[in-house]
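Here are some notes for a first look at this model. Please keep the structure open as you read.

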Amino acid sequence: MLDAGKFRSDLYYRLSVLMLNLPPLRERQEDIPLLCRYFLKLHTPKTALSPSFTPGALRQLCEWPWRGNIREMQNVMIRVATTVREHLVEKETIRDLLEGTLCLGTDPDFSQGREESIRQALAKAGGKKGKAAATLGMSRTTLWRKMREIEM
């Protein structure tokens, strides 16, 4: 474009400070586990323990084509941090999150015995709702809403 006169040469030389060739994630599979762990830790609430991946889950992440590159990966790790309550993330969970087929709201703790789960979390947290919410893997606002739903 510069040679064709379709781009200002002064602007090009002002912007052209450093030329980097950064291949897409699908060509850097060895970086994927490290980047996934980083984004997961970054987006997991500070009061919760950051989940880890089974070897099968890491393999699933490394085999994914990552068409959206690093932004797609970050979004998937945000989904993991906000939806997965287990401390060890399985291959099937990753597959469902990547394919967008994970069904939320099927957690047995909240579909049956929801009130008991909330009571136990509040008891463990000494009545502190923020701490109980973190134990349950939800925000304090969500805990308040669920308590209101079950008239607690």
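1. A term comes first. A nonpolar core is a set of buried Ala, Val, Leu, Ile, Met, Phe, Trp, Tyr and Cys residues joined through side-chain atoms within 4.5 Å. Buried means under 20% relative accessible area. Bear in mind that the model is predicted.

2. Start with the largest nonpolar core. This core has 22 residues. Those that touch the most other members are Phe53, Leu61, Trp66 and Met77. Two or more residues each come from α2 (32-43), α3 (55-63), α4 (69-83) and α5 (91-99). Helix α4 gives the largest share, 5 residues.

3. Next, look at methionine 77. Set aside its neighbours within four places in sequence. Methionine 77 is then in contact with Cys36, Phe39, Leu40, Phe53 and Leu61. Another core lies apart from the largest one. That other core has 10 residues, including Ala125, Ala133, Leu136 and Met138.

4. Now turn to the backbone. Most residues other than glycine have a negative phi. Tryptophan 66 is not a glycine, yet its phi is positive, about 45°. Tryptophan 66 sits in the loop between α3 and α4. Its relative accessible area is 0%, so tryptophan 66 counts as buried.

5. Asparagine 69 also deserves a look. Asparagine 69 has a positive phi of about 55° and is not a glycine either. This residue belongs to helix α4.

Key: Residues are numbered from 1 along each chain as its sequence is written. This is a predicted model: local features need pLDDT of at least 70, side-chain atom pairs count only at pLDDT 80 or more; totals for chains, interfaces and linings use all residues. Side-chain values use heavy atoms; hydrogens and water are left out. Buried means under 20% relative accessible area, exposed over 50%, partly exposed in between (1.4 Å probe, protein chains only). Helices (H or I, at least four residues) and strands (E, at least two) are DSSP runs, numbered from the N terminus. Contact means heavy atoms within 4.5 Å.
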